[in-house]
Amino acid sequence: MIPQNFDYATPESLEEAFRLLSDPNAKVLAGGQSLIPMMRLRLAAPETLVDLRGVPGLGGIRLEGRTLRVGAMVTHYELESSPLVRKSCPLLAEAAANIGDVQVRNCGTIGGSLAHADPAADYPASLHALEASVRIASPSGERTVSIADFLVDTFTTALEPGELVVEVSVPVEAEGAGVSYQKCVQPASGFAIVGVAARIVKKDGEIAFARIGVTGLSGNAFRATGVEKLLEGTRGDASDIGRAVAGIGDGVDANNDIHASAAYRQHLARVYAARAIVAAVSRAK
Amino acid sequence: MKIAGSHTLPFAPERAYNLLQDPQILAACMPGCEQLVKIAEDTYQMKMKMVLAAISGQFDGKVRIADPNPHTSFRLIVEGTGKIGFMKGDGRLTLAPKDTGTEVAYEGDVQVGGTMAAVGQRLIDTTSKMMIKRFFDKLCEKAGSA
Amino acid sequence: MKKSITVTLNGRKTTHDVEPRLLLIHFLRETAGLTGPHIGCETSICGACTVSVDGKAVKSCTMFAVQADGREVVTIEGLASNGKLHPVQEAFWEQHGLQCGYCTPGMILASKQLLERNPHPTDAEIRHGLEGNLCRCTGYQNIVNAVRSAAGKMGA
Amino acid sequence: MATTTITKTGTLVGKRLKRKEDPRLITGTATYTDDIQLPGMNYASILRSPYAAAKIRGIDISKALEHPGVVAVYTGADVKDVGPVPCGASLPGLRVPHHHILAQDRTYFVGHPVAVVVAADRYIARDALDLVEVDWDPLPAVADPEKAIEAGAPAVHPEWPDNIAFNFHQENGEVDKVFAEAEVVVKQRIISQRLIPCPMETRGVVADYRGGDKTLTIYSSSQIPHLMRNLVAQMLGIADNHLRVVAPEVGGGFGSKLNVYAEEALMGFIAMKTGKPVKWIETRRENFLTTIHGRGHVDYFELAAKKDGTILAMKLKLIQDLGSYHQLLTPAIPTLSVLMMPGIYNFKHIRADIVGVFTNCVPTDAYRGAGRPEATHGIERMVDVLAAELNMDPAEIRLKNFVPNDAFPYATATGLTYDSGNYAAPLHKALEIVDYKSLRAEQKKARAEGRLMGVGISTYGEICAMGPSPATPAGGWESASVRIEPSGKVTVMTGIKPQGQGEETTFSQIVADELGVEMDDVTVLHGDTMVVQYGIGTFGSRATAIGGTALYFALQELKKKVKKFGAMILESDDVSFSGGQCICNRTGRTADLSQIAGASYRAMKLPPDTDPGLVATNFWEPPNFTFPFGAHICVTEVDRDTGAVEIKRYVAVDDCGRIINPMIVEGQVQGGVVQGLGQALYEHGIYDESGQLVTGEFMDYAIPKATMVPWIETDHTVTPSPVNPLGVKGVGEAGTIGASPSIVNSVVDALSPLGVRHLDMPLTPESLWKILEGARA
């Protein structure tokens, strides 16, 4: 299958990229792993592709105090294999390792994935649990939004025309925290039917801090604050977890497709939440 | 595939019912609708441009309102065809008073054919629902300001 | 409209003018005459088109040729050197890791990547590392055997 | 189990030898259809119906024609006299729709070809496709075969409003009487869902016409080049000796390339019209939509038995989803199911009724197993249903009902003669491998712990070596020609057409053993109608059993000739031939094959009544099918939380007769089992009510990935077939046939404490979760 023709540009600075992207029919090529298949099917037909791989400042992973800053063009493979990420934010490395397959992870980027906002993408569960923030740049300046504000709906983000994701920031994981990302894989596409990320910090045998993110259940990933509240202050044993996850999908309009009905997805969200929490609790020191 | 859901509108059922059948409101609120021209009683010709992240497509189609049951229910049939395939939504909308507003429940079928159907069935439900939500959000916005 | 690109193909630099939309797989197969990598789907699932770009396994049907400008691309044709098969090729042959052979060039490139990153994989790690490559003939068992055997050869 | 490279000859059959095919495949130097580039070649793209049923009010091709680089655009009107797409099956009263190669005024499935754009390259062709405008009038469609035969259903073909293509009845014995008097009767509706074959290489056609000598060459990824030549020549109205069909390297077929499709004739038509070569390569999307699907059964089974478990009789009503028209063998496939419905059990009363139903879907046809997996799944499930009813062990009930060893050749209730069998042997072996007693004890313990562990057995029998000519539409024989070249090297031309089964290797093993040459001295040619004498092709696990036998007989003929020349050279009338040389039994003098071959072609002197050269050809007509069998045991555990099935263990003990290369046989079994597993757990070609294929890409249709399949333990018993001198039976489809019932039986067993007696495939986690939820409620 063959894409429509387009112009291809490789800007060497952000300014140049912005200028190219001021054309409403231009589209960013970050890793291309979602965009190119869409273009091959002609569901996407941008007139200009702006390949960001030559733009300085969009790559690299660096530690700044208690914050890990990940450039938008960092690939999933770089994240899963980076010793720095594995040590300081293991949940992000785990999420990256769960995406697609090796070839996709070699090319796909975190910025591209976020801007695409696929409702079943893997990152959002972890990024919600991490309360990540997304730095956005435009010709008029920069702004930083929380992941919750960034992901608006299915395929819909807070990005305005002409804006670019330049960086994702996550906190360095607390000492002794336990984390886990558990995913029910759709066997054909490898996307998540549901995926749940958990971060747990224990203190004196009790859960002092819990963060839970959910992807795939509905049109937009979310943070399950209700579950977090019910977990905090418990010892995190099976019955605590069971009680906490029971309402994870309350009020959520669950997706329904040939791969899983809404009711089954709701059930899987509970099961995988419990699995993620159990794993995180067991890893927490 | 079957699709169902509901939205609450801050208007009484009478007003909600009339708004939902008002071609100007429909034209303004249906996502991507660029033109809506009446071609017969209860039938309109529509041009729309759908943009969804990377996906975009032009559609020519029709909107038809059928089986009207004033202020309580009607059937809405939306169909469009374009180079990337076709879509057809056929659903019944049922209106019921809820507090001071109206709960609009919809239930129906969405069919997608052509290349669009190739990208993944997993996206049809969630994008349909998002489009419907956008429609109702816009409706509240438009009617609220009207 | 066309762009000039220079790609190091199996060790040799080559320059061509290409349409930006030319997929890397079509560039390799039709412009450069390297028909080893195959096309098996258009949704980036099957992996038959897998080649190595700057040392990373990629699906060449999900990359434009212009993106390979200035990079090193290795295809199945570039694995054997001086008539000697690469250990992964050898192992696929010895372990009957192929039947119709259509997925094989991509499977071998993915296996090579896997062993470069993890020289002593467990069976589960091998299977996980080959998730991006479909095979309809072998049931994968002899592919797993081949990768395990290649690991032994390369470690030895 | 390392492979060995044996250079000494005489004992190669039976050895684990590396394949001769592989060097080209592992180095990327093989030539598949899309690798063929011809000077001046154009590229074709096909516009297809997005609707399952629609009238075509008009097609406007003017804009496409104006597009730079476009050579031609053709629509139905241009090709109305080409074709139709052939159906080779004949059944009494069969309704055969006239299937044009491009739709005329109506389309009847999503993917139906409507127009074709020919352009300088594939990018331009695709661009121009968007410029063809079709004025569609969508019509109601029906996709479910049971709904299609309800009153008032939309008619797939207006001329046949009942949507019934045929009814077929087969009966033996006193079915009603036996059922009326039976102590036990069990009934079950069993679905064998639509599957999509998905070879990794899609179909593709290159056509090249030389006007000067009026000769057309078609390159097509095909399992049956010769049959394709005959049929496409008819479709195009040209002589068969003006058409050369070449099947180059074929990247998997599984039955989906045992066919002649519209595109072969269409590309031939274009090449002849334009005078330029043309290529069309199927996209994966097109492959899902337009290449044949498999299975598509709804079966209503009834089994009558005695209380002690003795099976007495069977009834079957089979509703076959045919799709919208007939491909080459579409209507014949369910009749194969009926032939094999008794399985390997000893009972004589049987009745089957097939209703062949048109639906607005792509046709079903032969997919790995073709009718036998459906039959085996049915009987093997029914035996378990009966065992559950009688509270018997599934191994015990099988052992009780097997056709006994002294009954062969065994005449079945459906008119077949099973060649040879020892049905208990593989079952005993498999039971031993898994340690069945301990396994059941472990299961008891697991159940006590609340775990859902299951053990499933299937003891399948299948019909292979398709087949004797009276039973096949186009001849069931196979051909081989062997030529010893002047150098003493050997060239084999075989009528089969492998797609990964490795006959270049196994046939070389046979040749090397018979002629005493090295494997490397043998070249096996296939797939080119200009090179190879007429042949039938590769399907129905026939290549070795029939093609290999033809080769064997050709070799015997050739050896006689070799001996005559050897005797002449050695000037002796007492000569034997072995180890690649003729030996004078009196003097011990020898003449090797190159000397003999050289002499045979130089022909300075000829032995009495002997022509020059060393060539022998054999067309072998098999006297019967062959009937492999085996026992598969699958151990599963179902996750109570999610319904997911984990295969803990899979053991396959197959008996495919004599084995020529165990490595290749194991590979066939492993791959076959995984395709059966795909059906059992993952795969389902789903059409929605409007006839849209909703599993129309790898994004939605899950063929097994490496992470989704278990380790498969294989073993064999060997019961040679008396049908051919090699004693071989066939193994290409065995794994697939044996696998699905063993897996489903295992999961049903796992859930049996919840009262589950049957589950339909695929056993998706959600479908099992619903059952678990129901049990909790």
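Reader: How many residues does the contact take from chain C and from chain D?
Author: The contact takes 50 residues from chain C and 52 residues from chain D, where contact means heavy atoms within 4.5 Å. This is a predicted model, so local features need pLDDT of at least 70 and side-chain atom pairs count only at pLDDT 80 or more, while totals for chains, interfaces and linings use all residues. Residues are numbered from 1 along each chain as its sequence is written, chains are lettered from A and ligands numbered from 1 in the order in which they are written, and side-chain values use heavy atoms, with hydrogens and water left out.

Reader: And what area do chain C and chain D bury between them?
Author: About 4,500 Å², with 55% of it on carbon and sulfur atoms. Buried area is the accessible area (1.4 Å probe) that two parts lose on being put together, summed over both.

Reader: Which residues in chain C lose the most area to chain D?
Author: They are C:W93, C:R136 and C:Q141, together 20% of what that side buries.

Reader: How many salt bridges across the interface of chain C and chain D?
Author: The rule finds five; a salt bridge is a side-chain nitrogen of Lys or Arg within 4 Å of a carboxyl oxygen of Asp or Glu. D:R122 and C:E30 meet in a salt bridge through their side chains, at 2.3 Å, N to O. The rule also finds 28 residue pairs in polar contact across the interface of chain C and chain D, both residues at pLDDT 80 or more. A polar contact is a pair of N or O atoms within 3.5 Å; within protein, one must be able to donate a hydrogen and the other to accept it, and residues adjacent in sequence count only if both atoms are side-chain atoms.

Reader: What about chain D and chain B, how many salt bridges there?
Author: The count is zero, with three residue pairs in polar contact, both at pLDDT 80 or more. Twelve residues of chain D are in contact with 13 residues of chain B. Chain D and chain B bury about 1,100 Å² between them, 49% of it on carbon and sulfur atoms.

Reader: Switching to cores. How many residues in the largest nonpolar core?
Author: It has 216 residues, and those with the most contacts inside it are C:F92, D:M267, D:I270 and D:F698. The largest share of this core, nine residues, comes from helix α18 (residues 734–751) of chain D. A nonpolar core is a set of buried Ala, Val, Leu, Ile, Met, Phe, Trp, Tyr and Cys residues joined through side-chain atoms within 4.5 Å. Helices (H or I, at least four residues) and strands (E, at least two) are DSSP runs, numbered from the N terminus.

Reader: What does D:M267 touch?
Author: Not counting residues up to four places away in sequence, D:M267 touches D:A44, D:I46, D:V116, D:V205, D:A207, D:V278 and D:W280.

Reader: Now D:E282. Is it buried or exposed?
Author: D:E282 counts as buried, because its relative accessibility is 3%. Buried means under 20% relative accessible area, exposed over 50%, partly exposed in between (1.4 Å probe, protein chains only). D:E282 is placed in the loop between β12 (278–281) and α8 (284–290) of chain D. Its side chain is joined to that of D:T291 by a polar contact of 2.6 Å.

Reader: Where is D:T290 found?
Author: D:T290 is in helix α8 of chain D, and counts as buried at 5% relative accessibility. Its contacts, leaving aside neighbours within four places in sequence, include D:E282, D:R203 and D:Y261. The side chains of D:T290 and D:R203 are joined by a polar contact of 3.4 Å.

Reader: Back to charges. How many salt bridges over all chains?
Author: A search of the whole structure finds 95.

Reader: Which residue does D:R398 pair with?
Author: D:R398 forms a salt bridge with D:E380, the closest N and O atoms being 2.9 Å apart. D:R398 lies in helix α11 (residues 394–401) and D:E380 in helix α10 (residues 372–390) of chain D, so the pair ties together parts that are 18 residues apart in sequence. D:R398 is buried at 0% relative accessibility, and D:E380 is buried at 0%.
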